[in-house]
Amino acid sequence: MSKRMALAAMFGAWTCSAQPFAQYTIQRAQSPIVIDAKLDEPAWAAAPAAGDFHFNWFQSGDKEQTIVKMVWDDDNLYVSYYVRDKHISAYEKQRHGPVSKDDCVEIFLSPNPAKIRNYYTFEINAIGTMLNRNKADWWTGPPTWEPDGVEYKTTYHGAAKKDESPDDDHWIVEMAIPFRNFSRDAAHTPPREGDEWRLNLNRIGGKTNRQLSSWSPIAPPSTGFHSPEAFGIVRFAGEAASAPQRGRGGFTRRQRFNQADAKDGREIYNRSCTQCHGLDGNPGDRAPALGAARRYLRSTTPELFDAIKNGIRGTLMPGSPLPAADVNKMIAYIHSLRATAADLDVPGDPVRGERIFSGKGACSNCHMVRGRGGLLGPDLSHIGGERSLAALKEALTVSKPVAPRGYQPVRIVTTKGETIEGVVKNDHNFSKQVLGKDGKLHLLTKEMIRDIRYDTKSLMPDDFNKKLSPTEFQDLLAYLSSLARSRRTQ
Ligand code: HEC
Ligand code: HEC
């Protein structure tokens, strides 16, 4: 039994590096949405992606991801699926037919978190055939159900059939589900700000690579999607997301850039733009940082080109008279400032780096990568896609003044005289959960604690530039940079 499973067995669904349920905040739609399977509205650009799907019953094959976003307004819940798929096939044309034999996506939704077994299903295949069921305890109708006013569209909507083709890359479903369908179970329709519903999003892979995956993980012994106890938690937020997000999970592909251009672009930028912006993309006296924050107003190449060439109306930002070639180099530079380590060609040998990770560096004593390793530190399975190269170097070489939340080292002596050393995972008034260096999770109430001492310094060592040779350090960086959800060729 793995450490994580041992912990889960001890404390029910609790695990330390993964949430038991997927969670998502549904923002209000920032702009009207046209149901056309294009997903080109600002509302979609601004909404964050729900997060990776889990392959609960994975045996072999290509784990193709599904990117889902949800937003809402007073009338509808809007759901979009961007389905990565190299083998798209769908044949079922009959309303309420067995669409899950095809490439198909689903949403199973419980509007009342206290009665999760009252749930409603929407299953849609790639050619736009839908199957609906109502699983509520009050439902006395047939096995299928006719939801009121649902609007939806798929990429291959209405096609007689869709056979696999070598050009296949992805397909899309966009839909609007009126809240009035759930008035019998939901506390409020439309929901009120802060209301929580439960739901899961599912994906089935058609003929070739027929993978099953779901947004909220489904743990054994459940063998199928009809497992409302595994549904994720969604919260309705009162505010619209205001700025398009770039990067992981977004619909826009990673912005590619040429590193030589980025180097030239840096010089042109430092020469031409720093009377307002700061040097090297830092914040300046009269203009914002171009690369430091994680959310950007303008993130795509066309948006940046427009801002730099034409200026931004109503602000100090002027149009630039520089030739387009120079503007493009500055854009490459801006992309490079915002890049995660996985976007870069990091020198070094990732295979040797992986050996250092589990060997000389002893990183795997404390960190998991793809399900293997220790629990005291964060899971690093996707760290290259989440952090810049500079942040990775910093994590390995610079000590943090205060250990981040969830990683505060602690030494506890219990009233029974037992000593527990580890990190504080959860801290409530009356109880603490401490993950011990022994790999066990200790649940301690106030009365069980005789002495408690916190250490401010994180358990994460900060001297790997000294412990490792320069080549080893570089190989380790190359390995960490390669840890990303989607490979760089994507
Ligand atoms: C006269 C001052 C000034 C100069 C010179 C200037 N900028 Fe700006 N820039 C601004 C201000 C102010 C903003 C913020 C505008 C806003 O509020 O949207 C801005 C915003 C931007 C943005 C948008 C940032 C984002 O994420 O939305 C980019 C990109 C940008 N500047 C690039 C450049 C480049 C490249 C140059 C040099 C060719 C340059 N700027 C020169 C003042 C300036
Ligand atoms: C004794 C346990 C321990 C060892 C050994 C250890 N780490 Fe860590 N690491 C942690 C903890 C705890 C954190 C979280 C707290 C912090 O950031 O200081 C962390 C944080 C990190 C982070 C930052 C993660 C983020 O989300 O930004 C990276 C990267 C990292 N470690 C990589 C490594 C690598 C690579 C090694 C081996 C060369 C290693 N760690 C060895 C415990 C450890």
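Q: Which helices each supply at least two residues of the shell around ligand 2?
A: This is a predicted model, where local features need pLDDT of at least 70, side-chain atom pairs count only at pLDDT 80 or more, and totals for chains, interfaces and linings use all residues. Residues are numbered from 1 along each chain as written, with chains lettered from A and ligands numbered from 1 in written order. Helices here are DSSP runs (H or I, at least four residues), numbered from the N terminus. The two that qualify are H8 (389-397) and H10 (470-482).

Q: Which helix gives the most to the shell around ligand 2?
A: A residue is near a molecule if its C-beta atom, placed from the backbone, lies within 6 Å of it. For ligand 2 that makes 26 residues, with Gly361, Cys363, Cys366, Gly377 and Ser458 the closest. The top giver, with 3 residues, is H8.

Q: Which element has the largest share of the shell around ligand 1?
A: Ligand 1 has 24 residues around it, and Cys273, Cys276, Ala287, Leu297 and Met317 are the closest. Helices H3 (259-272), H4 (301-310) and H5 (324-338) give two or more residues to that shell. The largest share is 3 residues, from H4.
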